Amino acid sequence: MLGRLLLAAFAVMMAIPAGTLALTAGVLLDPSFREAFGRLGLVGLLAGLSDFAAGVPPEVAVMAAIGLAQALGLLLILPPALTALIGEMLGLRSPVWYGGASGGLTALLPWLARGSVARPSGSEAAAAEGRLAAILLLAGAVSGLVYWLIAGRTAGARSLDRTGPA
C-alpha cells in the first residue's frame, strides 16, 4: 500500500510539469496568442511589469502574485490530482479516464470559477475562449496521460500472493 501511494505521488509530481509544458507550448504555438506576445514583446512585458510595480504598493503586488499562483495551481495541480485520486479509489486503468477526465476538468475550471459573471460578447471573444478551452483541454489531457503512463495502468491491481494456494 505504501509503495502504491509513493508511486501515485510520484506520478502526480511528473504529471504537473508535463501539463505546464503543454499549456506553455499551446499558448506559444497558438497564432493569436503568439501574435499578442509578439506585439507586446518581452521588453514591453518587462517594462509593463516594472511600471505596474512602481505604482502599486508591495502588498498589492504580492497579493496579485499569490492570486496568479492560486489560479495556475487550480488549473495545473487540481485536475490531475483529483483524477488520480478517483481513478485509484475506483481502480480505473483506462487512459481515456485519466486523459479525458483531467483534460475535461482543466478546460471546465475557468468557466466554473467564473460563476455567474457574464461572458464577453462578440465573435472574436468567443473564438479566443474556444482556443483557450482547447489549449486547457490539451494541457489537462497531457497531464492525465502522463499520470496514467506512470501509475494509472496498474491502478487497483492486486499483487498475487505466490505463496498461497493457486
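Modeller: Before we begin, a helix here is a DSSP run of H or I with at least four residues, and helices are numbered from the N terminus. Keep in mind that this is a predicted model.

Biologist: Which helix holds Ala107?

Modeller: Helix H5 covers residues 95–114. The place of Ala107 is in helix H5.

Biologist: Is Ala107 buried or exposed?

Modeller: A residue counts as buried under 20% relative accessible area. The relative accessible area of Ala107 is 13%, so Ala107 is buried.

Biologist: Which residues does Ala107 contact, and how far is its C-alpha atom from that of Leu136?

Modeller: Leaving aside neighbours within four places in sequence, Ala107 is in contact with Ala133, Leu136 and Leu137. Leu136 lies 29 residues from Ala107 along the chain. Between the C-alpha atoms of Ala107 and Leu136, the separation is 4.8 Å.

Biologist: What is the secondary structure of the protein chain?

Modeller: Along the sequence, the pattern reads α-α-α-α-α-α. The count for the protein chain is zero strands and six helices.

Biologist: How are H4 and H5 oriented to each other?

Modeller: Helix H4 spans residues 78–90. The axes of H4 and H5 come within 9 Å and cross at roughly 140°. An angle has to be over 145 degrees to count as roughly antiparallel. H4 and H5 are therefore oblique.

Biologist: Which residues make that contact, and how many are nonpolar?

Modeller: On H4, the contact residues include Leu78, Pro79, Leu82 and Thr83; on H5, Trp97, Tyr98, Ala101 and Leu105 are among them. By class, the contact of H4 with H5 has one charged residue and four polar ones, and the nonpolar residues number eleven.

Biologist: Where is Ala101, and how far is its C-alpha atom from that of Leu82?

Modeller: Ala101 sits in helix H5. Not counting residues up to four places away in sequence, Ala101 touches Thr83 and Val96. Leu82 is 19 residues from Ala101 along the chain, and their C-alpha atoms are separated by 9.2 Å.

Biologist: How are H1 and H4 oriented to each other?

Modeller: Helix H1, residues 2–29, packs with H4 at an angle of about 150°, with the axes 10 Å apart. Angles over 145 degrees count as roughly antiparallel. H1 and H4 are therefore roughly antiparallel.

Biologist: Which residues of H1 and H4 make their contact, and how many are charged?

Modeller: From H1 come Arg4, Val12, Ala15 and Ile16, and from H4 come Pro80, Ala81, Ala84 and Glu88. The contact of H1 with H4 has six nonpolar and no polar residues, and the charged residues number two.

Biologist: Is Val142 buried or partly exposed?

Modeller: Val142 is found in helix H6, residues 123–150. Buried would need a value under 20%, and exposed one over 50%. Val142 has 26% relative accessibility, so Val142 counts as partly exposed.

Biologist: Which residues does Val142 contact, leaving aside its neighbours within four places in sequence?

Modeller: Ala15 is 127 residues from Val142 in sequence, with 7.6 Å between their C-alpha atoms. The contacts of Val142, with those neighbours left aside, are Ala18, Gly19 and Ala22.

Biologist: How many residues has the protein chain, and what share of them counts as buried?

Modeller: The protein chain exposes about 10600 Å², with carbon and sulfur atoms supplying 74% of that area. Of its 166 residues, the share that counts as buried is 24%.

Methods. Residues numbered from 1 in each chain as written. Predicted model: local features only at pLDDT ≥ 70, side-chain atom pairs only at ≥ 80, totals over all residues. Heavy atoms only, no water. Axes fitted to C-alpha atoms, helices over the stretch in contact; angles between N-to-C directions. Helix = DSSP H or I, 4+ residues; strand = E, 2+ residues; numbered from the N terminus. Parallel < 35°, antiparallel > 145°, perpendicular 65-115°, else oblique. Contact = heavy atoms within 4.5 Å. Nonpolar A, V, L, I, M, F, W, Y, C, P; charged D, E, K, R; others polar. Buried < 20%, exposed > 50% of the residue type's maximum accessible area, 1.4 Å probe, protein only. Areas by Shrake-Rupley, 256 points an atom, 1.4 Å probe, with all protein chains shown as cover.
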